[in-house]
Amino acid sequence: MADKMKKWLDLGRQILDRDDKKKEMPRRYRRLRRNIILLMLAVTLIPLAIMAATNAIQYQKNIKAERIKPIRAIVGKAAHSFELFLEERLSAIHFISSSYSFEILSKQDTLHRIFRILREEYGGYVDLGIINSDGTQIAYTGPYDLLNKNYSTQQWFNEARVRGVYISDVFMGYRDLPHIAMAVQNLNDQGESWILRATMDTQKFEDLISPMGMDPITDAFIVNSKGILQSDSRNYGNVLDPFPMKIPSGDSSTHVRELTDPEGRDIVMVYSRLIKHDFTLVMILPQKNIFQPWHTLKQEMSYMFVASVIAIVLVIFSSTHLLVKRIREADEKRVIAFRELEYTQKLSSIGRLAAGVAHEINNPLAIINEKAGLLKDLVDHDKHHDKEKLMRGVSQILQSVDRCRNITHRLLGFARRIGVQYEMIDINEILKDTLGFLEKEAHHRNLNIEFNFDEQIPKISSDRGQLQQVILNILTNAFAAVQDGGQIVLSTRQKEDQNVALAIRDNGHGMTEETMRQIFEPFFTTKKGYGTGLGLSITYGIIKKLGGEIKVDSKINQGTTFTIILPKTPPGETENE
Amino acid sequence: MNNPIKVLLVDDEEEFVTTLAERLEMREFEPRIATSGDQAISMVEGEKFDLIVLDLMMPGIGGLEVMKQIKSANPDMPVILLTGQGSTKEGMAGMHQGAFDFLMKPLDIEELISQIHEALGKQSS
């Protein structure tokens with residue numbers, strides 16, 4: 001079982017390995033691809049992210065402001081109404097205490113009558129009492145038996161005496177309903193102070209607040225400065241329960257705070273402190289409701305952002321992959337094309353060589369042919385007894401064979417190999433040998449070939465075949481440049497300790513600076529129609545491969561000099577095999 | 001053809017041209033030799049030939065130029081060209097310029113002779 005498993009695993013690994021090899025890409029292409037991807041990701045994603053973030057912040061700000069604005073207005077208005085309501089009630093009490101004298105109000109039936117009118121006009125009043133300067137309630141109308149009750153020790157009595165006006169916090173009063181009490185002070189004819197005190201239920205509070213809390217998510221209530229609820233709250237307890245959050249201090253304008261309540265809900269608290277009274281109107285809304293449009297938008301924007309990022313990344317990856325693949329293919333094609341051209345160039349130089357060689361060989365062959373034919377003729381005509389003549393014919397044949405042999409030997413020396421094969425070479429000899437291929441043409445065109453050789457020049461380690469190709473190339477160009485009867489000078493010399501130099505100078509038509517700059521470029525040719533434009537570029541390649549340098553110097557109508565500098569020992573060469 | 005045919009052989013390879021002349025002589029021809037274009041031209045001026053065998057590639061004046069000059073004075077003079085080059089390009093060019101034929105080196109002497117006869121026969125007809 002385990003064996004089987006192992007076999008499958010091995011198979012899988014092999015497949016994966018093969019896949020890896022197929023995908024393998026030279027490091028520079030991988031690096032190129034990585035760099036392009038990183039750059040493109042940076043230039044697309046960074047601005048996108050910045051834009052998305054700025055938009056999000058801006059939208060959030062706008063939407064919040066837009067949603068908060070009406071709520072803030074409602075709370076402000078409600079607080080104002082509430083303040084007016086308290087002022088109105090207070091002013092009613094004030095009116096009574098100012099309109100009637102202490103004596104009139106002290107009468108139980110008068111007070112009762114006024115109380116009845118008050119209830120009819122305003123509603124919500126529960127009782128009404130007159131307290132004299134000693135703190136004794138001397139008249140009372142209401143559901144309790146509070147006549148003659150003394151309040152002198154109570155805090156509200158003292159506060160009303162000092163300030164002239166008093167409004168209590170909410171307390172549980174008649175029938176266990178929340179109430180507030182209000183009192184105003186006045187002076188009688190004797191200059192003694194007395195107090196008119198009224199109690200009313202807080203049903204009116206609810207009437208004022210309820211329009212704010214119409215929808216079920218809104219919670220609106222009143223809290224005093226001690227943090228005690230003065231009206232029922234939907235979520236934070238009933239009247240007189242402590243409000244579980246601290247209301248931030250602030251002036252009487254409307255404020256907005258985003259908070260988390262003790263139960264962990266994210267809420268928005270909008271509150272407004274009353275100017276004259278110790279109450280704060282509070283409205284609480286869950287953040288998720290109020291900011292719903294923002295959350296929806298945020299979600300949509302997030303989806304959009306993620307989708308854009310995915311799309312961008314996909315496009316970048318696929319297009320970069322394609323791009324790098326194309327570049328790589330183009331590179332490969334170029335290399336192949338260049339190799340093919342190099343090969344074509346070799347073929348064409350072989351062709352050129354073959355034509356020359358055919359001529360060179362055919363001439364001695366023609367002599368051999370005639371001499372052998374003559375010998376046959378002599379035998380046929382029975383004249384073969386002239387020994388001297390026969391011998392001359394044979395020796396001519398042998399001489400011509402020698403000529404042919406020289407040519408084939410030179411050819412063998414020219415045979416090119418793939419790669420570089422180093423051997424010890426005498427530069428002078430190579431120059432002479434190579435010139436041999438063109439000797440006939442030189443002779444026919446009456447060219448003046450001069451040698452200016454350093455006979456002491458040391459042998460160098462280099463590739464014979466390739467050097468011959470280079471020299472033949474340059475010589476062919478020189479031959480093409482000169483007129484019949486022109487001059488070509490071949491020279492060699494030692495250069496420094498490590499190098500030798502050879503120069504081929506002609507007095508031909510020369511070339512312009514423009515041409516000179518381009519001659520080593522592939523496909524550049526001045527021989528329109530029959531040049532491949534590759535000769536000198538390949539020459540350049542070979543010299544570089546051999547660790548040397550090639551330079552050209554030319555003046556129009558004066559001639560051209562090619563100088564090749566070759567190292568005695570090629571770079572990186574260790575031992576000759 | 002009772003009189004021997006008088007042929008001018010022109011080639012810069014002296015060994016070749018003398019040997020060829022000797023062999024033609026054995027075959028009842030009357031060959032003359034020139035080893036350069038200039039020599040050939042001056043010889044044609046002074047002497048009457050039946051036919052000229054002319055090498056294309058020679059130092060100095062080349063074969064085609066020699067043929068042109070000779071033909072300008074003797075337009076009917078038959079010329080057979082010889083070429084050592086492997087290609088037939090130059091030979092074809094020569095035929096366009098009025099040569100009777102071209103032959104590749106090394107020569108088959110029997111072929112040369114039959115061409116000579118053909119050229120002269122064609123001319124006389």
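The model is predicted: local features need pLDDT of at least 70, side-chain atom pairs count only at pLDDT 80 or more, and totals for chains, interfaces and linings use all residues. Residues are numbered from 1 along each chain as its sequence is written, with chains lettered from A and ligands numbered from 1 in the order in which they are written.

**Helix α4 of chain A**

Helices (H or I, at least four residues) and strands (E, at least two) are DSSP runs, numbered from the N terminus. α4(A) spans residues 108-122, 15 residues in total. From first C-alpha to last it reaches 21 Å, close to the 21 Å expected at 1.5 Å a residue (1.5 Å times one less than the number of residues).

Its buried residues are A:Leu111, A:Phe115 and A:Leu118. They sit on the same side of α4(A) because they cover an arc of only 60 degrees around the axis, taken from the directions from the helix axis to the C-beta atoms. Buried means 20 or more other C-beta atoms within 10 Å of the residue's own, exposed means 12 or fewer, and partly exposed lies in between, with C-beta atoms placed from the backbone. On the other side, A:Asp109, A:Arg113, A:Ile117, A:Glu120 and A:Glu121 are exposed.

The buried residues of α4(A) pack against α2 (27-99), α3 (102-106), β1 (125-131) and β2 (137-141) of chain A. A:Gly123 follows the helix, with a positive phi near 75 degrees.

**Strand pairing around β14 of chain A**

Two strands pair if DSSP finds at least two bridges between them.

| Strand pair | Sense | Bridges | Bridge partners |
|---|---|---|---|
| β14(A) and β15(A) (499-506) | antiparallel | 8 bridges | A:Leu490 and A:Ile504 |

The hairpin of β14(A) and β15(A) has 3 residues between the strands. There, A:Glu496 takes a positive phi near 50 degrees.

Contact means C-beta atoms, placed from the backbone, within 7 Å. By that test, 20 residues of chain A touch 18 residues of chain B. On the chain A side, α8 (292-380) and α11 (439-444) are the elements that give two or more residues. α8(A) gives the most, with 15 residues.

**Chain B**

Chain B has 5 helices and 5 strands. Along the sequence they follow the pattern β-α-β-α-β-α-β-α-β-α. Of its 125 residues, 38% count as buried. Among contacts between residues at least 6 apart in sequence, 58% join residues at least 24 apart.

Terms used. Two residues are in contact if their C-beta atoms, placed from the backbone, lie within 7 Å.
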